[in-house]
Number of protein chains: 2
Amino acid sequence: MIRILLLGAGRSASSLLRYLLHHAPTENWQLTVADLQPAHLEPVLAAYGSYARAVLFDLQDEASLHQLVREADITVSMLPALLHGPVARACVQYGRHLVTASYVSEEIRALHDAAQTAGSTLLMECGLDPGLDHMSAMRLLTNIRSRGGQLTAFKSYCGGLLAPAAEADNPWQYKFTWNPRNVVLAGQSTAKYLENGRLRFIPYQQLFARTERVVMPGVGEFEGYANRDSLSYRAPYHLLNIPTMLRGTLRRPGYCAAWHALVRLGLTDDSVHLGNAAGLPWAELVEAYLPASSGSQPLAARAAAYLGLDPNGPEMERLTWLGLFTERPVELPNATPAQLLERLLTEKWSLQPTDHDMIVMQHLIEFTLDGTPHQATSSLVVLGTDAVHTAMAQTVGLPVGMAVRRLAQGKLPQRGVLIPTLPDLYEPILAELATDYGIRFVEEEQVGQVHEPAG
Amino acid sequence: MIRILLLGAGRSASSLLRYLLHHAPTENWQLTVADLQPAHLEPVLAAYGSYARAVLFDLQDEASLHQLVREADITVSMLPALLHGPVARACVQYGRHLVTASYVSEEIRALHDAAQTAGSTLLMECGLDPGLDHMSAMRLLTNIRSRGGQLTAFKSYCGGLLAPAAEADNPWQYKFTWNPRNVVLAGQSTAKYLENGRLRFIPYQQLFARTERVVMPGVGEFEGYANRDSLSYRAPYHLLNIPTMLRGTLRRPGYCAAWHALVRLGLTDDSVHLGNAAGLPWAELVEAYLPASSGSQPLAARAAAYLGLDPNGPEMERLTWLGLFTERPVELPNATPAQLLERLLTEKWSLQPTDHDMIVMQHLIEFTLDGTPHQATSSLVVLGTDAVHTAMAQTVGLPVGMAVRRLAQGKLPQRGVLIPTLPDLYEPILAELATDYGIRFVEEEQVGQVHEPAG
């Protein structure tokens, strides 16, 4: 009997919970699901009898956290990343294991030695991005290295997007499938990457103007903007000397140019409260951001002129569709521009019950083999099953569940802070995703120099 | 015998200390100067015998802070503003008074009721800006109101600049006379002001491109950029219904356009550590911020083209003068762009022993009197005496000292959190500054509509 504790069973944990419940009887797991609202879990868990139970869990109650962690062999945390510190420390204190889909923070990294001493495995970054990106990249890189290939460029993109059918009613071709606030504040610092051996930086106010085109067979074109830090995975990927390294986020073509206009207007700023009334019309807010002497034309035309955009072009179409030039009230008093924009977008970009989401990931790797340049790609497209088991919930939750299973089976002897760059972990997980769930990376390779669009 | 405690006696407190020592014998003050390095104060204080003593004070030692505050009638804090919370709380606890030159923070504001109950006066914003700006503005506004004038516009600018003789060796016509970090990070959020009854916002990336021209007779032209929040003084100035209200910072013409280029390059960003080596040449850093495909011309020419600037124009002259396009190393490893820029500017913009600084302040007030538009200005120019008694040290320190004197004389009966908008405070202080120190606001008035340059 292995005792597994799941902390947090909100919507994003739907596919993980289903995976854990499905395997509990055959793997002989005793699953405890700890949530702030355990009542809604009872009907789901009832079918699994003694294998699963739900308990009330309040983050503020540290004593109860300690008791739950101590009584479990493996804790799986789907809590917000900022809350993982106390959970990880409790795991180390009682010599228990932890699995999450969140980035290794400095706070977690500092626990490495203590976790090794205590016999704890703190397995982080086991979801989609971070998670599946590491697994699929490491499999491809290891394959190329084993054949004697010399790696010259690594680019990797991921996007949580919409299934093509759900894109049609929205010129941005985007709706929220994840934390809206993170989308509004995306990239608000200088992005760092490597290109042909040189460090390259993009300041926030240029980030959405410098995109790369990414094509995925079957699902069309995308554009990628650079993530904040593309350099931190050089060490874990064993790419310390690679001349080109870039990680980015995918959107449909046109999204970034229109978002760039929002950035330039100042509407993504989160550092100042405007002292506005909730009834302030959006048109007045936009007007307040234009220079005073901007003429007597209609607001949208003056905004287009200020931004240097075609008043009938695709950027202005997207801004107009959001209602920025209407009398619609901003609805929140004394808010930051970013909070007002999030409020507006949460309505405009809300996933409808019939909408399906789509996860797209692609690695582009250049290498030299026998003196000849080669390019390899590894591509993943996942469509959501329904509004509960979205592509996001599946691609985040299933790898976490599979990692828990390997750990529970005693097949992961390493202790301390880990991420899934170990073949013993990523090989079986990628195989299980492909075989049992059809979540499959398509790997392709071609010989010859590849023409890249200018950055 | 009134016991006065001065917390922090660094360079910026030079004129304040001299004022307090000068008045100690005649006012019968016992002055305690508490500093981290009290030894350097001994020779200065020795001449004042039993009226003054220096003691060691470490900010970390809360017990000693409490003892010092309890044993004084009035505490004057020249510590950094962030440290005023514990000092103010101790003053309230022991029913003592506090005077500072710092903004009223939320933490201080929250002490108002407790201070009133305890009989404590927490007199904040008694320096230059904030401080003299309030005093001179209130005097002028009160005068206009007393004559029946209807206020329609209030604009106020202040700058800590260089005496004209010290400007000649530097195309920016600027050197640091105050905290360099604050200058580098100035304006890093949306600025808010009111213009003709409408809220107006300027996002950071546009702040230094939208300046106003300000002319001061005798010392020439300046340009002003908007401060972060011009609206918060509507209530204390009794200007709740004024259509136009703007507070700004002064620089010499051309500074802002060149600084705008630094902002656009990304070099003022403080949110990301670049992972750079200390030996990274400035030219490589600038190169890393340019788009990849920016041609084969020299770096400065490509930077000018990217920024849309004349390669031989005044902005590029200033950037070149800083050494941005040279092999000079950035000197700090793994720093933020803002930290690297501060390091460079601290050398380039260092005040030389023979340099004198200059404080410039101007209020521009528009009002209607007897149906006719009027404009009033109140202008201040102060030149530094020497490298110790700079214009900055005088204009910050002397008003603080004079406020302490009024408080010690029992002439300020109000308790709780105050700023110097009370006539009983600003009238005698403005008079003493003019009579004893020649620090004098020149007030002028003219009838008729005033032409304003476009914002």
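**The interface of domains 2 and 3**

Mentor: In this predicted model, 19 residues of domain 2 of chain A are in contact with 18 residues of domain 3 of chain A, contact meaning heavy atoms within 4.5 Å. The model is read with local features at pLDDT of at least 70 and side-chain atom pairs at pLDDT 80 or more, while totals for chains, interfaces and linings use all residues. Residues are numbered from 1 along each chain as its sequence is written, and side-chain values use heavy atoms, without hydrogens and water.

By an automatic or database assignment, domain 2 spans 132-255 + 353-391 + 439-447 and domain 3 spans 258-348 of chain A. Their centres, taken over C-alpha atoms, are 30 Å apart. Between them about 1,700 Å² is buried, 62% of it from carbon and sulfur atoms; this is the accessible area (1.4 Å probe) that the two parts lose on being put together, summed over both. A:Pro171, A:Trp172 and A:Val184 supply 37% of the area that domain 2 buries here, more than any other three residues.

The two domains share one salt bridge, that is, a side-chain nitrogen of Lys or Arg within 4 Å of a carboxyl oxygen of Asp or Glu. A:Arg181 and A:Asp270 meet in a salt bridge at 2.8 Å, N to O. On the domain 2 side, helix H8 (180-184) and helix H9 (204-207) each give two or more residues, helices being DSSP runs (H or I) of at least four residues. The largest share, four residues, comes from H8(A).

Terms used: Chains are lettered from A and ligands numbered from 1 in the order in which they are written.
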